[in-house]
Every structure is written in C-alpha cells, then in structure tokens.
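This briefing is intended for a reader meeting the structure for the first time. Please keep the sequence and the model in view while working through the points grouped below.

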Amino acid sequence: MTTHTDFPQSARTLLPEEFQSLPQHPHLSAEALEVAASLQHDTISRKVLDGSTRLYDALVVVGSGFAAFVISQGDLVPDTNTLFALAAAPLMALVLFQIADLYQPTIMRRGLEQVMRAAVSWALVFAGLFALALLVVPADKIPVDLLSKWFVIGLAGLIAGRVVLRLLVGRWMREGRLNRRAVLIGGGNAAAELIAELERHAHNDIDICGIFDDRNNDRSPPSVAGYPKLGTVSDLVEFARIAHIDMLLVTIPMRAEQRILELMRKLWVLPVDIRLSAHADKLQFRNRASSFVGTVPFVDVAQKPITDWDTILKRIFDLTFAVIALLCLSPIMIVTAIAIRLDSPGPILFRQKRYGFNNELIEVFKFRSMYTDQTDTNASKLVTKNDSRVTKIGRFIRKTSIDELPQLFNVLSGSLSLVGPRPHALSAQADNKLYEQVVDGYFARHKVKPGVTGWAQINGWRGETDTAEKIQKRVEHDIYYIENWSVLFDLYILFRTPISLLNTENAY
C-alpha cells in the first residue's frame, strides 16, 4: 500500500508536453491534473496475473512431458501410463506451487528465492510421480530416461518463465500497477481514521490517490495524513475521466443518508467500485454484498462491470467474431464501397467522433451515406425520413445497417466491442436537448465499451432518437445490459441482430 511518506507514488512531475497532451479540464486544479495524468495507465488485475501464471506453469509441465516422451520414445502417441502422468503432473505441480507461495506477487518479484522454490517444488512433483509409478509398474520398468529429460526440460521452462515474471512484476509493482487505486470521498477525522487502519496492514493492495470533499472548512483540511484534497465530488467525476481509478471509498457516516444519496447520483455513472465505510447500519440499502479492505468493513454499493477475466473473455469474443464477420461480409463491403464511389463524389468512409468507454472520445468508422458537403460530423441534426442530405446508396445502406460494417475495424483496434451500448455522436439531441440533459444518469451507459450492436437495438430501439422517450428507452436497455452482462448474453444479442435488422421502421 502507498503510504503518506511516498505519496504520490505514480504522481510524478509531468513534462510540459505531457500537460499539453491532456484534455481540457478547466475545473481541476493543477495538482489534480498532474495526479490524474500519472494514473492514465491501466492497473494489472492480480486475478489475471495469478491465473495466467498458473496456466503457463501447467502448459510447461504438460509440454515438457510430451517433448520428453517424443525425444525418448520417438513416437507422437503416448501410452496409457504416460497419459496418466501427463494428467497427474500439472495437478501436483499447481498444488505444490501454491503451497510454496509461488503465486504471490511479493514472491514473484524475488529472483533467486522464486527460482529455488520452483526447483524444490518441481523436484517434489517428480518424487510424487516416481512413487505413483512404483504402484503401477515394477521398479526396473520405470522410464527413468523419460523422467530425467522431463525434469530438465520442465525445470528450464519454469525457470525461464519465472525470470521473465520477476522482471514484469518488479516493474509493475514499482509503477503501482498491481495495486487497486482508490480515491477517498470525505476528509477530516473519518478519512484519517480509515487511512490509519489501512496503513496498519502493510500487504494491502490499495493505493490511495487522493481525497475529494465538498466541504471547505476545518472539518475537511487541504491534506489528511499526507494525502492532498484534490477537489470536490463534482471534480472527482472529471478526474476519473482521466485517471484510471478502481475504487471509491466513501468515508462519510452512513447515517448521513441524504448526502450519500446525492453522492451516488453523481458517481454511479463511473466505471468503478463504490464502497461505503460500514461503521454504522442505520442506512438501508438493497441487498448488497459486504467486503473488507484490510480489516475495514465496507458496503459494496456499485461494482465495476466486466473486470478481471471477464475483460479478457469479452476481448477474445470480440476478436473471434469480428474476424469471422469480416471474412463473411467482405464481399458486401467491397460492393458497397464501389457503389458509394460511383454514386457521389467523396471518400468511401465517414469518420466521426463519438463517446466511448468512460466518456473517452473515439473515432468511429462508417460507410459514407451523405453527400460530402452535407455531412454532419457532430450529428447536431438527426437524420430524418427522406432527408435530402442522404444519398441514394446511403438510404439503402442506412436502412439495412450496412453503413455500420466498417466498425468491425474499430472492434479489432479495441475502441469498440461487438456488443454494447451504441456510441452516440457528441451533439446528438432529442427534443432539441443533448441526450445527457434528457436522461438522468445518461453517462452510466459509458461504464463499458460501446458496441456495434446492443440490447437496445435488437429490442427495436435503433435508428432515430428524436424524442425523450426513445432515448430514455435506449438508455434503460443499455443499463440493463451492463448490469446483466455475460458471454452468453453477448452471443444471444449477436445472433439476434440480423433478425432485428428486418425491422427498418426507425432506420432512415
């Protein structure tokens, strides 16, 4: 855990060009901007690190065993006893490596000690294999040559992996990327007590990045236990658009119900965990999970959606189906590109800035469907039925959603997901008001990556959103998707999308 003596761990001094590259955030102080800019890199999930290391170890064990068998026997088809050994060895290795604490980040960053633990554990695996072999075959029939080669090849693979792991984990720990980044809401004595409790546990994976509080008096000084107050709660929303924060820890007493509810209205749009320090129980919430940070109990009010392995699963899902879709749809895309070129002068693709994950600006690709001199980059005027700005080809590709197909390249680049809330243009309006002015909590739909298709679209809420009801319904479906996400849900939406495109009522 970062303590006040080394704060800010990641908030190094920024060079002038780094300040110039930051988005304009006029409400944030220079100190808040500097801290936020130093936290723009994502943290590394300890669960993913742990699982990836275990997977590597298992693959090395099985791979080295198979290689040893091929070298010793000159065959590619293992016999029954070898198959049994190849199945038992990784299970034994993972158990012994766990006992040896080889999956603890603090051990992973130690070079010689980590290698010695791995070597001893690996030797114990072979002692176990030898004991099992004695139960199956006579001692003189045990394939000592095969086991010897397996031990050497496996040990080399494990040591090589641990050397690389030490370098990576050491760098990530120095950068604070293996810790969860937390911001405290509420200063004064309550924040000081929480900080003191957290700092009592040296192995906490929490880095406190600053304090935000609406109060500006003796009850909330500019610094608490060495951590600076970086602004108000409203500033925090702006701060979290730059900094990659994992958790908001609310130190406000739970009995201050109205104040907390006001906070939640502002903060629930952020893609972070929100936890209330649970020192009282007078405030009633819906059934929420409780958790501990160190020995401090918290009430989990909001959970960050799609984290840890879910992030990787969704990315694999996106890449797999995006590549398949591009291969299958490439003839349609080629014909469309030719038709656009022949229909009207101008570029084939239309690039438009839209809101992405956590309100970041992304550039979305579409087939151009309007006359070049009448394109509306910010979508300040929605396309309506028989809109004169739309070309002949444009009407067809918009109605059939063919104009959206280039967004598959956005999926490959990682700015879009295949399934998620549709990204809206910067100036999109309903009832002559910006969407965020029409729907309370509108930006909560940006807690995940936007998608090429989504739950709202397959339920009929695609196309024109000229009324408050239409955008309200779309946002409601987007929030439902975020709160109920799963790979199977994505798969269902993906395969329902072609059917939903048959309804072209609102697509112009």
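This is a predicted model: local features need pLDDT of at least 70, side-chain atom pairs count only at pLDDT 80 or more; totals for chains, interfaces and linings use all residues.

Arg-166 lies in helix α7, which covers residues 144–174.

**The positive patch**

- Arg-166 belongs to a surface patch of positive charge.

**The nonpolar patch**

- On the surface, a nonpolar patch is formed by Leu-319, Val-323, Leu-327, Phe-409 and Leu-412.
- Together, the residues of this nonpolar patch have about 430 Å² of accessible area.
- Two helices, α11 (309–343) and α13 (407–413), each contribute at least two residues to the nonpolar patch.
- Helix α11 provides the largest share of the nonpolar patch, namely three residues.
- Leu-327, one of the residues of the patch, is located in helix α11.
- The relative accessibility of Leu-327 is 65%, so Leu-327 counts as exposed, the class for values over 50%.

- Asp-42 sits in the loop that lies between α2 (30–38) and α3 (46–73).
- Asp-42 is partly exposed, because its relative accessibility is 45%.
- When neighbours within four places in sequence are left aside, Asp-42 is in contact with Arg-177, Arg-181 and His-244.
- Asp-42 and Ala-243 are separated by 201 residues in sequence, while their C-alpha atoms are 8.9 Å apart in space.

- Gln-457 is placed in helix α15, which comprises residues 455–458.
- Is Gln-457 buried or exposed? Gln-457 is buried, because its relative accessibility is 8% and the buried class covers values under 20%.
- Apart from neighbours within four places in sequence, the contacts of Gln-457 are with Arg-422, Arg-462, Arg-474 and Ser-500.

**Positive phi values**

- Most residues other than glycine have a negative phi.
- Ala-225, a residue other than glycine, has a positive phi, near 55°.
- The position of Ala-225 is in the loop between β3 (223–224) and β4 (227–231).
- Ala-225 has a relative accessible area of 36% and is therefore partly exposed.
- Ile-306 is also a residue other than glycine with a positive phi, in this case near 50°.
- Ile-306 is found in the loop between β8 (296–302) and α11.
- Ile-306 has a relative accessibility of 18% and therefore counts as buried.

**The chain as a whole**

- The secondary structure of the chain consists of 17 helices and 14 strands.
- The chain has 508 residues, of which 48% count as buried.
- Among contacts in the chain with a separation of 6 or more, 72% are between residues 24 or more positions apart.

Terms used
Residues are numbered from 1 along each chain as its sequence is written. Side-chain values use heavy atoms; hydrogens and water are left out. Patches are made of residues with over 30% relative accessible area and no salt bridge: like charges are joined within 9 Å, nonpolar side chains (Val, Leu, Ile, Met, Phe, Trp, Tyr) within 5 Å. Accessible areas come from the Shrake-Rupley method with a 1.4 Å probe; for residues, only the protein chains shown count as cover. A salt bridge is a side-chain nitrogen of Lys or Arg within 4 Å of a carboxyl oxygen of Asp or Glu. Lys and Arg count as positive and Asp and Glu as negative; His and the chain ends are not counted. The place of a charge is taken as NZ of Lys, CZ of Arg, CG of Asp or CD of Glu. Helices (H or I, at least four residues) and strands (E, at least two) are DSSP runs, numbered from the N terminus. Buried means under 20% relative accessible area, exposed over 50%, partly exposed in between (1.4 Å probe, protein chains only). Contact means heavy atoms within 4.5 Å.
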